[in-house]
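Please look through the sequence and the structure below before reading on. The paragraphs that follow take up a few local features in turn and then move to the pockets.

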Amino acid sequence: MLEISGLSRQFDGTEALDGIYFTVAAGEIVAILGTSGSGKSTLLRMVGGIDNPTSGEVRLNGRVVTGPSPSLGFVFQEPRLMPWLSVRDNVAFGLGELPRGEQRSMAEAALRRVGLADAAELWPRQLSGGMAQRAAIARALVTRPSVLLLDEPFSALDAFTRLSLQEHLLEIWQDDRPTMLFVTHDIDEALMLADRVIVLLGRPGRIRRDDALTLPRPRRRGDPRLATWRERLFDDLSGTDPAPEERAAGGG
Ligand SMILES: Nc1ncnc2c1ncn2[C@@H]1O[C@H](COP(=O)(O)OP(=O)(O)OP(=O)(O)O)[C@@H](O)[C@H]1O
Ligand SMILES: [Mg+2]
C-alpha cells in the first residue's frame, strides 16, 4: 500500500537520510526506532508529503505522494493546537471546504473515537497533556485517513498517560485498521504496538533492521519473547551489535 523507494534527503548538501527502501501493507503497524538525528522525523515527513525527498519517492496505492492529503493523517510530538479555537474547531480545521454542519459532526465523531466527546467546547489551555495529544490524534483522524503517521506522539507525556494512550491507539486502530507508521524512542512502546520494527541508524540515516514482530495481541509486557526483542533492539540502538558486514566476516 505504501512504497518507499530509494528515498534520500539532503539539507544544504548534508545527507540526512540515504537510500531508504521499504513497503508497508494495508493495516500494518510499523514502528521506526533510531538514534537521535538518524532521520526518523525527516522520513515520516516525506511519507506524509510535508517535505520532499532529494531523490526517490513515496507511493500511496500506486500514486506518488507530492504533498499533504486527506488520506495521510499526521500526529506530531506536541499537540500543536491553535489556542484561539475550541477543541472541536481545532479538530475540524483541516476540513476547510465542507459545510459547517458537516465539519462539526465529523469533528465530534473523531473526538468520540479518542474519548474526548465531552471536551469539544473546551479551549486547548483547559486540556491536560494527554487530552491535548488525544485531540491532536482526533484532528489526524477526522478525514478518515488510510495512513496514520505519528512522530513520537507520546514522548512528552508521563509514563502512566503514555501507557493508557498506547492502549487507546490500538483500540482506535482496531476500528478501521489504518496503516500506521510511528516513530518512537521507546523500545517497549514499539514492542507493545508494532507488527514490524524498522531501525534507522547513522548520519545519514540508513535502515539497519526491518523485522516482523510476529506476536499476537494483546501482548504482555512481561512476555519472555519480548525480552529477547528488547535486548536485540537495545543493542542496535546502543551500538553494541556488530555491523552486518563485520558479523559476516566473523569480527566484532
Ligand atoms: N529543516 C532542516 N534543515 C537542516 N537540517 C535538517 C532539517 N531537518 C532535519 N535536519 C537534519 O537532518 C538530520 C535528521 O534529522 P531528524 O529530525 O529527521 O532526526 P530524528 O531521527 O527525527 O532525530 P530525533 O530523534 O532527535 O527527533 C539531522 O542531522 C538534522 O539536523
Ligand atoms: Mg525526530
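In this predicted model, Arg80 belongs to the loop that runs between strand S6 and helix H2 (87-92). Although Arg80 is not a glycine, its phi is positive, at about 50 degrees, and with a relative accessible area of 47% the residue is partly exposed. Arg80 also lies over the face of Phe76, at 3.9 Å from the ring centre.

Phe76 leads on to a second ring. The structure holds one aromatic pair, formed by Phe74 and Phe76, whose ring centres are 4.7 Å apart and whose planes meet at 35 degrees, so the pair is tilted. A pair of this kind is described by the distance of the centres and the angle of the planes. Phe74 counts as buried, at 13% relative accessibility, and Phe76 is buried as well, with a relative accessible area of 18%.

Strand S6 (72-75) and helix H4 (129-141) each supply at least two residues of the lining, and S6 gives the most, with three residues. Domain 1 (2-71 + 146-248) and domain 2 (82-144) each contribute at least three residues to the lining of the largest pocket. Sorted by class, that lining has 11 nonpolar, five polar and two charged residues.

The second largest pocket has a volume of about 210 Å³, and its lining includes Leu163, Glu167, Met192, Arg217 and Pro218. Helix H5 (159-176) and helix H6 (187-193) each supply at least two lining residues here, while the largest share, six residues, comes from H5. By class, the lining of the second largest pocket has five nonpolar, two polar and five charged residues.

Two of these lining residues, Arg217 and Pro218, are joined by a cis peptide bond, with omega at about -5 degrees. Pro218 is placed in the loop between S10 and helix H7 (224-238), and the charged end of Arg217 sits over the ring of Trp173, 5.0 Å from its centre. Another cis peptide bond runs from Arg203 to Pro204, with omega near 0 degrees, and Pro204 lies in the loop between strand S9 (196-201) and strand S10 (206-212).

With a relative accessible area of 9%, Glu152 is buried.

Helix H1 (residues 40-47) is largely enclosed by the rest of the structure, because six of its eight residues are buried. The buried residues of H1 are Lys40, Thr42, Leu43, Leu44, Met46 and Val47. Just after H1, Gly49 takes a positive phi of about 75 degrees.

Asn61, finally, is found in the loop between strand S4 (55-60) and strand S5 (63-64), where it is exposed, with a relative accessible area of 55%. Asn61 and Ala26 are 35 residues apart in sequence, and their C-alpha atoms are 9.4 Å apart in space.

Methods:
Residues are numbered from 1 along each chain as its sequence is written. Chains are lettered from A and ligands numbered from 1 in the order in which they are written. This is a predicted model: local features need pLDDT of at least 70, side-chain atom pairs count only at pLDDT 80 or more; totals for chains, interfaces and linings use all residues. Side-chain values use heavy atoms; hydrogens and water are left out. Rings of Phe, Tyr and Trp (its six-membered ring) pair if their centres lie within 6.5 Å; planes under 30 degrees apart count as stacked, over 60 as edge-to-face and the rest as tilted. Buried means under 20% relative accessible area, exposed over 50%, partly exposed in between (1.4 Å probe, protein chains only). A charge sits over a ring if NZ of Lys or CZ of Arg is within 6 Å of the ring centre and within 35 degrees of the ring normal. Helices (H or I, at least four residues) and strands (E, at least two) are DSSP runs, numbered from the N terminus. Ala, Val, Leu, Ile, Met, Phe, Trp, Tyr, Cys and Pro count as nonpolar, Asp, Glu, Lys and Arg as charged, and the others, Gly among them, as polar. Domain bounds come from an automatic or database domain assignment. On a 1 Å grid over the protein atoms alone, a cavity is a set of points where a 1.4 Å probe fits but cannot get out, and a pocket is an open set with protein on both sides within 12 Å along at least five of seven lines; lining residues have an atom within 4 Å of a point. Grid points are joined across faces, edges and corners, and a volume is the space filled by probe spheres set on the points.
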